[in-house]
Amino acid sequence: MKPVEAADLKAWLKLYLVIGSANCRKDAAEVVEEAIRGGVTMVQFREKGRNALEGAAKRELAGRILAVCRKHGVPLIVNDDVDLALALDADGVHIGQEDEPAEQVRKRIGNRILGLSVHSPEEARLGAERHADYFGVGPVFPTVSKEDARPVQGTAALRNIRGMHAAMPIVGIGGITADRVHEVIQAGADGVAVISAITHTPDACHAAMELSRALTGVLSKR
Ligand code: TZP
Ligand code: MG
């Protein structure tokens, strides 16, 4: 497997759906299917929170989400769980600052995509040194989807980190909705990562289409 090209990754980060069973009122694999039809370009399986699935049930759901992603040619990233990513042969892993260290994850996943959550220029500097393929930066706005979220950053952290890492694929996360997409992209992100803007709506396909349309509009003017 060759290392991922930054240009491909930037395109995949355009509309990045982060999803687990706790975020959905119906089967998460069904929501993924609808969201991809609406324009989602990459998916992260993030099985966390109260009543999160574990063991065989977690693997089963991940396998069904992977099948949907493969059918549509959309990459699947697994949050935190390197063993699961390797067992599934997923496209990558996303880790935070408190997870298994990036160097160690990189050794285990080879050229699969390594995403890292960063909150400051210093975390970004270390992340780039440790060969993260992309940065997730946030929470840009207040979020209802992560109980232990860091303080809201606005777009300032995105701007700072973009200023220091011109070529790095970067995605903004946290409270992003279609009407806030332009601020996030104008601050330097290549795309947006969302949970509730897609999973907490009755029609995931329609929600993804609205986000996708907003993104295409602002990205074409950059
Ligand atoms: N990391 C920072 S904010 C967040 C994560 C996983 C939650 C994003 O969810 P939402 O519903 O799009 O605010
Ligand atoms: Mg984590």
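Residues are numbered from 1 along each chain as its sequence is written, while chains are lettered from A and ligands numbered from 1 in the order in which they are written. Because the model is predicted, local features need pLDDT of at least 70 and side-chain atom pairs count only at pLDDT 80 or more, whereas totals for chains, interfaces and linings use all residues. The pLDDT is the predictor's confidence in each residue, from 0 to 100. The protein averages a pLDDT of 97, and 100% of the residues score at least 70. The model scores ipTM 0.99 and pTM 0.98.

The fold contains a closed barrel of eight strands. Its order is β1-β2-β3-β4-β5-β6-β7-β8, with parallel pairing. The twist averages 25 degrees from one strand to the next. This angle is taken between axes, which are lines fitted to C-alpha atoms (for helices over the stretch in contact), and runs from 0 to 180 degrees between N-to-C directions. Helices (H or I, at least four residues) and strands (E, at least two) are DSSP runs, numbered from the N terminus. Two strands pair if DSSP finds at least two bridges between them.

Two of these pairings can be followed in detail. Strand β1 (residues 15-19) pairs with β2 in the parallel sense over four bridges. Y16 has M42 in β2 as its bridge partner. In strand β2 (residues 42-45), M42 and Q44 point one way, V43 and F45 point the other way, and all are buried. A residue is buried if 20 or more other C-beta atoms lie within 10 Å of its own, exposed if 12 or fewer, and partly exposed in between, with C-beta atoms placed from the backbone. In a regular strand the side chains alternate between the two faces of the sheet.

Strands β7 (residues 170-173) and β8 (residues 191-194) also pair in the parallel sense, over three bridges. Here V171 has G191 in β8 as its bridge partner. G191 is buried, because 28 other C-beta atoms lie within 10 Å. G191 and S212 are 21 residues apart in sequence, and their C-alpha atoms are 9.8 Å apart in space.

Ligand 1 is surrounded by 16 residues. The closest are T143, S145, G174, I195 and S196. A residue is near a molecule or strand if its C-beta atom, placed from the backbone, lies within 6 Å of it. By class, the shell has nine nonpolar, six polar and one charged residues. Ala, Val, Leu, Ile, Met, Phe, Trp, Tyr, Cys and Pro count as nonpolar, Asp, Glu, Lys and Arg as charged, and the others, Gly among them, as polar.

An unreviewed UniProt entry annotates D80 and D99 as "binding site". UniProt positions are given in the numbering used here, feature names are shortened, and annotations may be inferred rather than shown by experiment. D80 lies in the loop between β3 (76-79) and α4. D80 is partly exposed, with 19 other C-beta atoms within 10 Å.

Most residues other than glycine have a negative phi, and most peptide bonds are trans. D89, which is not a glycine, has a positive phi of about 60 degrees. D89 sits in the loop between α4 (82-88) and β4 (92-95), and is exposed, with 10 other C-beta atoms within 10 Å. H131 has a positive phi of about 65 degrees. H131 is found in the loop between α6 (121-129) and β6. A cis peptide bond joins G138 and P139, with omega about 0 degrees.
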